[in-house]
Amino acid sequence: MIIATGTASGKSLAYLLPAATEIFQGGSVLYLTPTKALAADQLRALRRLHLTQIRAATFDGDTPAEERRWIRQNANYVLTNPDMLHRSILPRHASWSSFWRRLRLVVVDECHGYRGVFGSHVAQILRRLRRVCAKYGSRPVFLLASATASDPAVAAMRLTGLEMAEVTRDASPRGSTTFALWEPPLTDLRGEGGAPVRRTATAEAADLLADLVIEDVRTLAFVRSRRAAETVALTARRNLDEVEDLLRAGPHGQPASAFEDVDEYGELSPYGPAHLHGHGGRGGGGRGDLASDVGADAAADVAADLPADMAAGLPADVGVDGRDLSRPEEGGHHPGDGGPDLLGPGRLADRVAAYRAGYLADDRRMLEKALRSGELTGLATTNALELGVDVSGLDAVLIAGWPGTRASLWQQAGRAGRAGQDALAVLIARDDPLDTYIVHHPEAVFGQPVETIVLDPDNPYVLAPHLCAAAAEIPLTEDDLEIFGPAAPAALDDLVERGLLRKRASGWFWTSKERAADLADIRGTGGAPVQVVEASTGRLLGTVDESSAHTSVHAGAVYLHQGETFVVDVLDLEAGVALVTAASPDYSTFARDVTDIRVMESSRSRPFGPGELHFGSVEVTRQVVSYLKRRTQSGEILGEEPLDLPPRTLCTRAVWWTLPADALVPLVSDSGDGTVDLGGSAHAAEHASIGLLPLFATCDRWDIGGVSTELHPDTGLLTVFVYDGHDGGAGFAERGYARATEWLTATREAIASCECERGCPSCIQSPKCGNGNEPLDKAGAIRLLDVLLPR
Ligand SMILES: [Zn+2]
Ligand SMILES: [Zn+2]
C-alpha cells in the first residue's frame, strides 16, 4: 500500500499503528528512509510512545560495532536506509535470520525521494530484500509513504515490483499558508557578456531570514548548495550583528533605517555565492543526502555545462568564524519566554546557523537539537534537511530557488505551520530560466498535480550490479528472474560473458572473493567521496563526491567550510584526498571543461517541425582543463590556470533535435531582421531547454547536461543534445522526448519573456556552462525555436 499525502498529514501514525500491532504479535518491522536524520527522528518519535515491547534501533554507518550485534539479535523495529540494506544487511542476511523470520512489515518512508538513478537502485534493492525474506519464509507487507504524487500506485509498483493499493485523500486539518513568489530585482551589476545581473536569491533569502529572526519567526531557509547555505547564514548573521550594534549604540539607531542599511550591505557579488546555486543535494526531489554521507554533491557534474559551485568564494571581509558548535550557547532564546528579547543576553546572530549534508555527524546532531529546542530561530539548509528532521512549530519557510519539483516545493513549504497554524512560504527566484518562468507563470505551480516519480529499474547499468549482489546473497535461479523484470535474462547472459557470474545447472553464482555489493554505486556518485583535509592540522572538513571533485576541489580551487575559506593545495584522486589551507583570497574559482558527444544509437525518432527528434544512447567525454579566477567583488577575470585532470566518460541516454540546412536559410540570409549566429542560437536554446526540462521530467537541472553544435559529425546537421548525467540514463531525456513540444514551447516562452536585451542568467546563460557562456544569441534562439516547433 502507498499513502501519498501532504507533509504533516499523519502518515507516520498510519504506519506506526500497524507496526506496533505486528510487534505486539511477535513480528518485526523494517523501516527505510533515505536519510539518517529522518531515521533518528523516527526513533525519537517511537521512544516517546513508551511501548516497552518495541525494541527499536537505528542501524546506519554511525552505529558502533558492538551495538550492531545487539540490534541484529534483539531489535524488532530496525530503522535504516537503502545504503545500509544494500551494503551490509542484505549481504550478511544470515546473521539477521531471526529478524527476517519475524518480519511482517516493511515501511518505505519518503519514497518520492527514490527517483531517477537512485530510485532505480532502490527498486532493485527492494527486490533483493523480497528475495531474502522469501528464503526465511516471510512475506512482509510493504507500506510506502510519499509526499503527494501523480499516480502513486504506479510509481510504487515500479519501486517494489508488487501490486499496490493507494491512499491519497488527505483529511488532516491545516492552517492556511500565504505563498509568495518573489523575483529579485535586476541590479546595475554586469555579468558575463555585459548581461544585467539580478540580485541573487541567496542575498534576498539572507535578508528575509534576518528580518524574520528579528520578528522571532522560526524560519527555515532552503537553498540549493552547501555553499549557499553557508552564505545565507553568514550574511543573515552579519545583518543581525549590524542591527544589534546599532540598537545597542543607543537612541540614534532606529531599527528600521538600520535594517535598510544592512540591506545594501548584504548585497552579494554576482560572481560570489550567487553562482553557487546548483549543487546541493541530489536533486530537488530530494535524493536524500545524509544516509551515505557521500551523496550530497551531485553526480550531476558530468554535464558539459559545468556546475557552478566551484565558483564560490566570499568577500575577504566576510571571514566570520563558523560558530563553535561544541560550546554550549549561553542565553539562547527559548520560545515562549516573552517574545523577541532583542537585546537580551546572547547575540541575535547566534540564533542563525547553516546546516547541510557533508557536515560530520556530531555537527549535524548539534544543529538539529538547537533548532528543535528553539535555541536557533533561523536555519539555512540544503535540501539535505528536506527529508530529514521533524522540525515542528516552524512559522515560515524560505525557498531560495525552485527546488526542482512541485512535490519538493510542497514538501518544503509544508514544513511551516504545523498544528493547524497559519504559515508563510516564499519562493525566491534564482537568476535562471526555469525560476523566471515559474514566477511569471504561477499556473505552472498552483492547481497542478505534482510530478510522477520517474525511475527506470530496467536500466542495465543499475540492474547488472544488483544481479551480482543478489547472486552473492543467494545463488540466482530461473524462478528469480521474474522478480528482477524483463531485462534480467539479457543482463545475466552479459554478466556470465564478462566472467562476473558463473552459470551452473542450478543457476547463477557469484564466485569472486570481492564484495558484489561494491559493484553498485547506488547514489550514483561515481566512486568513493574525496575527503577534504586541512593540511596543517589533518582535520577532516567534509567530503565531496568523486564526480564533482574535478570541478570543486581541483588544485587552486577556493573551498568554503562553516564560513571559513580554504584554498586547495593538491587534489590526490588516487588517495581520494584534497589537502587545503585556510586563506582569504579576494577571488573565486570557476572550472572550465571540454566536452565531446557521440551518438551510439538512435532508438526512437520522429519528424519534428522541419527537423527530427531523437532519443537514444550517447557517449559523453568531459575533461576539466582549466579554471578561471574572478575577483569576488567586481567579477573581473584575474587569469586562467591550466589543470591536468583525466577525462571522464559517461555512457548515457539523450534526447536531441536536428534541423536541416534548408530550414535554416531564412535565418542566415539577411531578410531585414538581421542574421543570426546559428551556433550561438543553438547554444542558447540548449541552455534554456536544460533549465526548463525539470518542469517536465522530475529531474534537477544538475541531473542533465547538454551539447549543441552548428554541425555535428554524427548527424551532419545542426544538433542540440540534452542528456542524462548518469551512466545508463535515468529516464529524464526520455521524458523530454515524450513531451518535446510542451518542453520546447515553454523554453521559447522563457527566453522571450525575459526582459533582458541580449541574454542573462534568467534566460539563456547557464551557471554551469563549460564554455564561459560563449557564444550565445538570444534573438536567434527564439527564431530557431520558431522554425523548429511544429505549428
Ligand atoms: Zn534574460
Ligand atoms: Zn554552454
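The legends below describe close-up views of a predicted model.

**Figure 1. Overview of the chain in the predicted model.** The chain has 791 residues, and 62% of them are buried. Its secondary structure consists of 22 helices and 28 strands. Among contacts with a separation of 6 or more, 75% join residues 24 or more positions apart. The accessible surface comes to about 28400 Å², and carbon and sulfur atoms account for 51% of that area. Zero disulfides are found in a search of the whole structure.

**Figure 2. The zinc ion (ligand 1) and its four cysteine donors.** The SG atoms of Cys754, Cys756, Cys760 and Cys763 coordinate the zinc ion (ligand 1) at 2.2 to 2.4 Å. Along the chain, these donors follow the spacing C-x1-C-x3-C-x2-C. The arrangement is tetrahedral because the four donor atoms subtend angles of 98 to 120 degrees around the zinc ion (ligand 1). Cysteine 754 is buried, with a relative accessible area of 5%. Cysteine 760 is also buried, and its relative accessible area is 0%.

**Figure 3. Helix α12 and the elements that cover its buried residues.** Helix α12 spans residues 406-413, and seven of its eight residues are buried, so the helix is largely enclosed by the rest of the structure. The buried residues are Arg406, Ala407, Ser408, Leu409, Gln411, Gln412 and Ala413. The cover over them includes the strands β8 (177-182), β11 (219-222), β14 (396-400) and β15 (423-428). Helix α19 (694-697) is also part of this cover.

Figure 4. Helix α15 covers residues 488-497, and its buried residues include Ala488, Ala491, Leu492 and Leu495. These four span an arc of only 100 degrees around the axis, which means that they lie on the same side of α15. An α-helix has 3.6 residues a turn, so residues three or four places apart point the same way. Helix α14 (460-473) and strand β17 (507-509) are among the elements covering the buried residues of α15. Glycine 499 follows α15 and has a positive phi, near 75 degrees.

**Figure 5. Threonine 745 in helix α21.** Helix α21 comprises residues 740-753 and contains threonine 745. Threonine 745 counts as partly exposed because its relative accessibility is 38%, between the limits of 20% for buried and 50% for exposed. Apart from residues up to four places away in sequence, threonine 745 touches Ala740 and Leu789. Leucine 692 is 53 residues from threonine 745 in sequence, and their C-alpha atoms are 9.9 Å apart.

**Figure 6. Threonine 658 in strand β26.** Strand β26 runs over residues 648-659 and includes threonine 658. Threonine 658 counts as buried because its relative accessibility is 3%. With neighbours within four places in sequence left aside, threonine 658 is in contact with Gly611, Glu612, Thr715, Leu717, Leu718, Thr719 and Leu788. The C-alpha atoms of threonine 658 and leucine 711 are 9.5 Å apart, and the two residues are 53 residues apart in sequence.

Methods
Residues numbered from 1 in each chain as written. Chains lettered and ligands numbered in written order. Predicted model: local features only at pLDDT ≥ 70, side-chain atom pairs only at ≥ 80, totals over all residues. Heavy atoms only, no water. Donors = N, O, S within 2.8 Å, 3.2 Å for Na, K, Ca; no water. Tetrahedral: all angles 85-135°; square planar, octahedral: opposite > 155°, others 65-115°. Buried < 20%, exposed > 50% of the residue type's maximum accessible area, 1.4 Å probe, protein only. Helix = DSSP H or I, 4+ residues; strand = E, 2+ residues; numbered from the N terminus. Contact = heavy atoms within 4.5 Å. Arc of directions from axis to C-beta. Areas by Shrake-Rupley, 256 points an atom, 1.4 Å probe, with all protein chains shown as cover. Disulfide = S-S within 2.5 Å.
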